[in-house]
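I opened this entry to work through the overall form of the chain before turning to its make-up and its annotation.

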Amino acid sequence: MRIGELADASGVTTRSLRYYEEHGLIRSERTPGGWRDFDSAMVERVVMIQHLFAAGLCSATIGELLPCLEAPPEERTGVMERLLAQEVERLEAKRRDIDRELDTLRALRDETALFGEVP
């Protein structure tokens, strides 16, 4: 499968696919003419990568998770669960920071509102 076909099948741009390949998230073979040739299994992998990016994970973390996600459950070592737990904690901390910033902005808005009215 050529890169354009993989892009169409997965809904991802060819630029993103090149980025994924550069970072070792997906693999391709090269044809004698130098074209990338992707296995059809890469479609599911690319969709999974998109979900992981949408969850806020970085490419390095995704690279660590992919082997775990592809391993049969009986071969999993707990690495994936630990990484996901770390990411959940990171995002919860981020949410706490955002909530604190929002509280500060709301308080400032209330303190500075003209004539005591809050828009």
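I began with the radius of gyration, taken over C-alpha atoms: the protein has 21 Å, whereas a compact globule of 119 residues would have a value near 14 Å, the globule rule being 2.2 Å times the number of residues to the power 0.38. I then looked up the extent of the C-alpha trace, which spans about 75 × 35 × 20 Å along its principal axes.

I noted that this is a predicted model, in which local features need pLDDT of at least 70 and side-chain atom pairs count only at pLDDT 80 or more, while totals for chains, interfaces and linings use all residues. Residues are numbered from 1 along each chain as its sequence is written, and side-chain values use heavy atoms, with hydrogens and water left out.

For secondary structure I took DSSP runs (helices are H or I of at least four residues, strands are E of at least two, numbered from the N terminus). I found five helices and two strands in the protein, arranged along the sequence as α-α-β-β-α-α-α.

I next checked burial (under 20% relative accessible area, 1.4 Å probe, protein chains only), and buried residues make up 25% of the 119 residues. Among contacts (heavy atoms within 4.5 Å) with a separation of 6 or more, 41% join residues 24 or more positions apart.

Finally I consulted UniProt, where an unreviewed entry places the feature "domain: HTH merR-type" at residues 1–68; such annotations may be inferred rather than shown by experiment. Over residues 1–68 I read 59% helix and 6% strand, with the end C-alpha atoms 25 Å apart.

Note on methods
Buried means under 20% relative accessible area, exposed over 50%, partly exposed in between (1.4 Å probe, protein chains only).
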